Amino acid sequence: MQDQHDDDRATGTVTGMYIDLPKSIDASALKPDDIKCQAVFISGFAIKKNESDCHVLTTGINVSANYTSISTNCIFKDNHGDQQLSQIGSYAKATVLYLTKNGNLAVFIPDKYKRSDDAVKLDDVPNHFKNINADGIKEYWPGHLDSGSITTKLGQKSHIQGFASYTNLNIRVFSHSYLSDYGFLIFSYPNSSNYIKIPTCDNTFNHPGGIQSIGDYLLVSCEKCDSNNESYIRLYDMSLLKLNLPPEPCEQFQIHRNSENATAAGITKYDDIYGKWYLLVVLNWGICDFYKAKADKPLPDCEFVHISRRDMGKIWDPYGKGYDVQCINLVTQSRTEQTDTTEKVYMIAFATKESGGPAGTFEDHAILISICPKVEKEIKPYGCTNEGLDCICFVQDKHIYCKHNEAVGKLGVHFRYGAALEVKDKKLVLYATGRNFSNGKVLCNYFVEDAGNKGDNYDR
């Protein structure tokens, strides 16, 4: 072992051995009289200062009386003397081990503060969808990624692919493919020029697609720009943005699709008579794979089971109009009647179709679809069959009119690029983005419920 300071380096060795650990119990159930001794392990820290010659003197863990909350305080010695910083001012990964008087072992990880993994639900989703004004409202969001000219291969392959809204902080998230080793996720702050840009976490998977947020998490589909046979579904922890830190992938969560692409992914949480569940959907050029998990653990730790595969192109484009869907989101409808035993789940597919030929533009459509997962006590791995879903029903097709600036054709604002839904203030909001960032920003549109243009609604 050794510390990180060249001027005061301490080295040593530890001889490993196998030991039988005591039985592990929940640390939150401990009482003060139960504890025989405790140990604190710090695996890393960072101080948010521009210039600092840091030396850790001591690290204190202050534990509440009922052991359900912990605050971390680190005392540092730097060029300003001794400094004491709270967890908000620093970032420390700590683990606390307790040995109880009766020989049990309890573990508490302070950094694993509670994160939200709940979906914001909406009452009467079809009516909210019907009330969306089809005329877009323009807004700009900051960000930058130089994709070069559209005439180059870099420019053709590199553009915005997905969009989501982190409602807790009013931050907008863009997924951006890039012809290099990695794609990028860009987190844009409101009313400023500030943004955070991070690479995707899997080397050579440089094409993140459609995305969706749920609570403090971001679900990301990612494939390769020049390959059609492999993809990952990843989950990112966005709560770190509250500490002005970049989001990180949840290492314990991944869906590896060894021979399948992933154009987009969506997720929601819902209740039925047997409890709470997550429903996750992955799109692969019209084919949707549905995965389900019991919500008895935090979202990153849940085990998703493949329950169905459906050709959704036959649902959103039964007459072959040429709808191209690149983004999908799920939304849960809360129970509206006391007799309701199951919350309803809906999908919104964001579609474009060519209008005016290769030199023309895109026509944008939002398509509402009802999804009915099978109600059962235990999840069965139905795989690529239809059995995991009781029914999928078309509800409505809404023609949307995006507003542009100088780029009014296919390079303007369209569902072909980033598209998403958000439930905000008990209302439904839809979004569409431009293709690329330009001069540190990108033009987007949002669509709200009001008394204006309801658009052309097609009820088949």
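Here is a short tour, from the whole chain down to a few side chains.

**The big picture**

Keep in mind that you're looking at a predicted model. The protein chain folds into three helices and 28 strands. Of its 460 residues, 49% count as buried. As for contacts between residues at least 6 apart in sequence, 61% of them join residues at least 24 apart.

**One sheet to look at**

Strands in a sheet pair through backbone hydrogen bonds, either parallel or antiparallel. Find the open sheet with the order β9-β10-β11-β12, where the four strands pair in antiparallel fashion. β9 (160-166) and β12 (195-199) sit at the edges with a single partner strand each, so one side of each has no neighbour in the sheet. From one strand to the next, the twist averages 20°. Zoom in on β11 (residues 184-188) and you'll find five bridges joining it to β12. Ser 188 faces Tyr 195, which belongs to β12.

**Charged pairs**

Side chains of opposite charge can pair when their charged atoms come close. How many salt bridges does the structure hold? There are 20 salt bridges, and the table gives a few of them.

| Salt bridge | Closest N and O atoms |
|---|---|
| Asp 226 – Lys 157 | 3.4 Å |
| Lys 374 – Asp 390 | 3.3 Å |
| Lys 380 – Glu 376 | 3.5 Å |

Start with the salt bridge between Asp 226 and Lys 157. Asp 226 is in the loop between β14 (217-223) and β15 (231-237), while Lys 157 is in helix α2 (residues 153-157), so this pair ties together parts 69 residues apart in sequence. Asp 226 counts as exposed, at 51% relative accessibility, and Lys 157 as partly exposed, at 30%.

Next comes the salt bridge between Lys 374 and Asp 390. Lys 374 lies in the loop between β23 and β24 and Asp 390 in strand β24, so the parts they tie together are 16 residues apart in sequence. Lys 374 is partly exposed at 23%, and so is Asp 390 at 48%.

Then there's Lys 380 with Glu 376. Is Glu 376 buried or exposed? Glu 376 is buried, with a relative accessible area of 9%, whereas Lys 380 is partly exposed at 42%. Elsewhere, salt bridges with shared partners link Lys 121, Asp 271, Lys 276, Arg 335 and Glu 343 into one network.

Val 375 is in the loop between β23 (361-373) and β24 (389-400). Val 375 counts as partly exposed, with 36% relative accessibility. Together with Ile 273 and Tyr 274, Val 375 makes a nonpolar surface patch with about 260 Å² of accessible area.

How values were computed. Residues numbered from 1 in each chain as written. Predicted model: local features only at pLDDT ≥ 70, side-chain atom pairs only at ≥ 80, totals over all residues. Heavy atoms only, no water. Patch = residues over 30% accessible without salt bridge, like charges linked within 9 Å, V, L, I, M, F, W, Y side chains within 5 Å. Areas by Shrake-Rupley, 256 points an atom, 1.4 Å probe, with all protein chains shown as cover. Salt bridge = Lys/Arg side-chain N within 4 Å of Asp/Glu carboxyl O. Helix = DSSP H or I, 4+ residues; strand = E, 2+ residues; numbered from the N terminus. Buried < 20%, exposed > 50% of the residue type's maximum accessible area, 1.4 Å probe, protein only. Contact = heavy atoms within 4.5 Å. Pairing = 2+ DSSP bridges. Axes fitted to C-alpha atoms, helices over the stretch in contact; angles between N-to-C directions.
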